[in-house]
Amino acid sequence: MDQTKMRILSAAAKLFDIHGYKGTSVRHIAEEAQVNSALISYHFQGKQGVLETLIASYFDTLFRRIEEQESECKEIPLFDRLEKVVALYVSFQCEHAPITRLIQRELSVESMLAREVLTLYISRWKHGLSRVIEQGMATGDFLPISSDRVVLAVISQMTYPFLQAQMVRQVYDLEPYSEEFALWLQASIMRYLRACLLPT
């Protein structure tokens, strides 16, 4: 991707995070990126194209990392594989906190974009978790419970800090995008998964 497009995407990510998608104009993005606003239309066909590119890039990178990790971890025990998947999701969200926060905010609004993102990307995100859980149930390593219920609970735990950052700061006295918080969140999710999936 060329430098101009990268500058536009970087500027848009920053402004969307601060002002929200609706509160950011093409002119604001152009000023922040120090480019002519016509270049945004040329490269992305407008503000929605910028948002779609940011979301697509985020999820494509996440899924590529998941596939790479899956190919490296085929021989390890299933619960350890599940822990690696959770760790990857949590650390990725923290590394890309502004985009994570933007995506979660946009998904909370009923729109065509939210429906498209939910249909295309969130089902793949769910699949990355449920694939390991269902494999563990099939082999008898995990208890036979509703994988959809478990995945919903895990995804809710993962996305919470990005929707309620101020509450995380006040309740846990931690910065919600720090490595310390990511490790705490991962440990919390794994305690839940251990209680749900492993025989006592």
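How many cavities of 30 Å³ or more does the structure hold? I found one.

**Basis.** I worked from a predicted model, in which local features need pLDDT of at least 70, side-chain atom pairs count only at pLDDT 80 or more, and totals for chains, interfaces and linings use all residues. Residues are numbered from 1 along each chain as its sequence is written, and side-chain values use heavy atoms, with hydrogens and water left out.

**Overall form.** I counted 10 helices and zero strands in the protein chain. Helices (H or I, at least four residues) and strands (E, at least two) are DSSP runs, numbered from the N terminus. I noted that the C-alpha atoms fill a box of roughly 60 × 35 × 30 Å along the principal axes.

I recorded about 60 Å³ of space in the largest cavity. On a 1 Å grid over the protein atoms alone, a cavity is a set of points where a 1.4 Å probe fits but cannot get out, and a pocket is an open set with protein on both sides within 12 Å along at least five of seven lines; lining residues have an atom within 4 Å of a point. Grid points are joined across faces, edges and corners, and a volume is the space filled by probe spheres set on the points. The cavity lining includes Tyr58, Phe59, Leu62, Phe92 and Trp125. Two or more lining residues come from each of α4, α5 (78–95) and α6. I sorted the cavity lining into seven nonpolar, three polar and no charged residues. (Ala, Val, Leu, Ile, Met, Phe, Trp, Tyr, Cys and Pro count as nonpolar, Asp, Glu, Lys and Arg as charged, and the others, Gly among them, as polar.)

**Pocket.** I then looked up the largest pocket, whose volume is about 230 Å³. Of its 13 lining residues, Leu54, Ser57, Tyr58, His96 and Ile99 lie nearest the centre. The largest share of the lining, five residues, is from α4.

**α1 with α4.** I next examined the packing of helix α1 (residues 3–19) on helix α4 (residues 47–72): the angle is about 95 degrees and the axes are 10 Å apart. Axes are lines fitted to C-alpha atoms, for helices over the stretch in contact, and angles run from 0 to 180 degrees between N-to-C directions. α1 is therefore roughly perpendicular to α4. Angles under 35 degrees count as roughly parallel, over 145 as roughly antiparallel, 65 to 115 as roughly perpendicular and the rest as oblique. Contact (heavy atoms within 4.5 Å) is made by residues including Ile8, Leu9 and Phe16 of α1 and Val50, Leu51 and Leu54 of α4. I classed this contact as eight nonpolar, one polar and one charged residues.

**α1 with α6.** For α1 and helix α6 (residues 97–107) I noted an angle of about 55 degrees, with axes 9 Å apart. These two helices are therefore oblique to each other. Ala13, Phe16 and Asp17 in α1 meet Pro98, Ile99, Arg101, Leu102 and Arg105 in α6. I counted five nonpolar, no polar and three charged residues here.

**α1 with α2.** Lastly, I looked up α1 and helix α2 (residues 26–33), which pack at about 120 degrees with axes 8 Å apart. α1 and α2 are therefore oblique to each other. Among the residues in this contact are Arg7, Ala11 and Leu15 of α1, and His28 and Glu32 of α2. I divided them into seven nonpolar, one polar and three charged.
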